[in-house]
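Visitor: Hi, I'm new to this one and would like a short tour. Could you show it to me?

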Amino acid sequence: PFKSLCGLLYDLKKRKRCRISPPEWLSVDHLTEIYELEKKEDGLVDTDFHYIEISELILRSADTDFNSDEPVSKLKLLLADIETARRDKLKNGLKTIAFDTDYVKLDNISAAEIEQHRRFMVEALNQFYKYRQRKPH
């Protein structure tokens, strides 16, 4: 549903039927703060659940709608840095899961991150379950 809404908004924007305004969090200052927190914190920092999709939609239309003093190239770089830091945390976190794990709690994961890592996470958990079943109790 969210991707359909984004597609509709982008289509309306292309037809000049609407204007897309960036959310408050899509600023160099805020993204720099998030990136610094991502580097310091062990867990994922709280972000908008659809921050990747929203930022892609808005920055795709930045040429006409992004009436801001924010340099688009800097925003894109910060978003890429945040995504990389979060991806590394997710992969490193999955490496530390114990073999007797029944579930994995992933606080503050975004929709796009779930989609990007879903196959890997499901396969990793399936391997843990197979190992547990073979392991003598």
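Visitor: So how much of the chain is buried?

Guide: Of the 137 residues in the chain, 34% are buried, where buried means under 20% relative accessible area, exposed means over 50%, and partly exposed lies in between (1.4 Å probe, protein chains only). Please keep in mind that this is a predicted model, in which local features need pLDDT of at least 70, side-chain atom pairs count only at pLDDT 80 or more, and totals for chains, interfaces and linings use all residues. Residues are numbered from 1 along each chain as its sequence is written, and side-chain values use heavy atoms, with hydrogens and water left out.

Visitor: Where is the confidence lowest and where is it highest?

Guide: The pLDDT, which is the predictor's confidence in each residue from 0 to 100, averages 81 over the chain, and 81% of the residues score at least 70. Confidence is lowest in helix H4 (residues 62-65), with a mean of 57, and highest in helix H2 (residues 28-40), at 95.

Visitor: How many helices and strands are there?

Guide: The chain has six helices and zero strands, counting DSSP runs numbered from the N terminus (helices are H or I, at least four residues; strands are E, at least two).

Visitor: What about H3, is it enclosed or open?

Guide: Helix H3 is largely enclosed by the rest of the structure, because eight of its ten residues are buried; among them are Tyr51, Ile52 and Leu57.

Visitor: And leucine 78, buried or exposed?

Guide: Leucine 78, which lies in helix H5, is buried, with a relative accessible area of 4%. From leucine 78 to valine 28 there are 50 residues in sequence, while their C-alpha atoms are 7.6 Å apart in space.

Visitor: Changing topic, how many cavities of 30 Å³ or more turn up?

Guide: A search of the whole structure finds one cavity of 30 Å³ or more, a cavity being a set of points, on a 1 Å grid over the protein atoms alone, where a 1.4 Å probe fits but cannot get out. The largest cavity has a volume of about 40 Å³, a volume being the space filled by probe spheres set on the points, with grid points joined across faces, edges and corners.

Visitor: Which residues line the largest cavity?

Guide: The lining, meaning residues with an atom within 4 Å of a point, includes Tyr51, Glu83, Arg86 and His117. Helix H3 (51-60), helix H5 (72-95) and helix H6 (111-134) each give two or more residues to this lining, and the largest share, four residues, comes from H5.

Conventions
On a 1 Å grid over the protein atoms alone, a cavity is a set of points where a 1.4 Å probe fits but cannot get out, and a pocket is an open set with protein on both sides within 12 Å along at least five of seven lines; lining residues have an atom within 4 Å of a point.
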